[in-house]
Amino acid sequence: MKGEKREIFNSASVGPDKCTFCKIAKGEFPSYTVFEDETYIAFLDINPFSKGHTLVCPKAHGETVWDMKEAEIGGLFLLAARISRAVVEATGAEGFRLLQNNGEAANQIVSHVHVHVIPVMMSHKGKPMDRIRLEGKEMEDTSAAIRKALARD
Ligand code: 5GP
Ligand code: ZN
């Protein structure tokens, strides 16, 4: 309800000082970055569901969308939609998922807001997705292809 502050439980909750995605946003931790501006950063998921699986984050620490300003929530999803076009172009995907988890009950592992952009093929239809492992060179090439597609967008 409007104005009513409620908490979303997550036993993996950490503050900005211990937060992996804050460290990535500050350049203190490496990532295959595909996009960055003053407010947002997007990088490849280290343990992806498919090649090109990208995470889009606000740079400012907040655990769930309830911790964000409304305009920033809008900006985050607009950016995720824009990045999805580049991800699909770079990977040749036939569809994509936008996914955003809030709280442990929703399987949120990293307690810093992020939107998943997950490219999918027709072969994924109707099946649960497993994590895949990509070598460093493949991550590098994929992130470069997404950056190139974004530059054309
Ligand atoms: P969640 O379940 O919290 O929505 O998703 C968190 C995602 O972050 C997972 O898909 C996981 O593979 C990814 N992840 C966790 N730690 C790191 C990291 O240090 N770097 C990157 N690039 N991704 C990470
Ligand atoms: Zn953070």
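How many bridges pair E4 and strand E5, and in which sense? In this predicted model, where local features need pLDDT of at least 70, side-chain atom pairs count only at pLDDT 80 or more, and totals for chains, interfaces and linings use all residues, numbering starts from 1 along each chain as its sequence is written. Chains are lettered from A and ligands numbered from 1 in the order in which they are written, and side-chain values use heavy atoms, with hydrogens and water left out.

E4 and strand E5 (residues 115-120) pair in the antiparallel sense over 5 bridges; two strands pair if DSSP finds at least two bridges between them. Within E5, Val120 is the bridge partner of Gly95. The open sheet has 5 strands in the order E1-E2-E3-E5-E4, with antiparallel pairing. Strand E1 (33-36) and strand E4 (95-99) form its edges, each pairing on one side only. From one strand to the next, the twist averages 15°.

Turning to the metal site, Cys19 (SG), Cys22 (SG), His61 (ND1) and His112 (ND1) coordinate the zinc ion (ligand 2) at 2.0 to 2.3 Å; donors are N, O and S atoms within 2.8 Å of the metal (3.2 Å for Na, K and Ca). The arrangement is tetrahedral because the 4 donor atoms around the zinc ion (ligand 2) subtend angles of 103 to 116°, and four donors count as tetrahedral if all angles lie between 85 and 135 degrees. In sequence, the donor residues follow the spacing C-x2-C-x38-H-x50-H. Both Cys19 and Cys22 are buried (under 20% relative accessible area, 1.4 Å probe, protein chains only).

Methods: Four donors count as tetrahedral if all angles lie between 85 and 135 degrees; four count as square planar and six as octahedral if opposite donors are over 155 degrees apart and all others between 65 and 115; anything else is irregular. Buried means under 20% relative accessible area, exposed over 50%, partly exposed in between (1.4 Å probe, protein chains only). Helices (H or I, at least four residues) and strands (E, at least two) are DSSP runs, numbered from the N terminus. Axes are lines fitted to C-alpha atoms, for helices over the stretch in contact, and angles run from 0 to 180 degrees between N-to-C directions.
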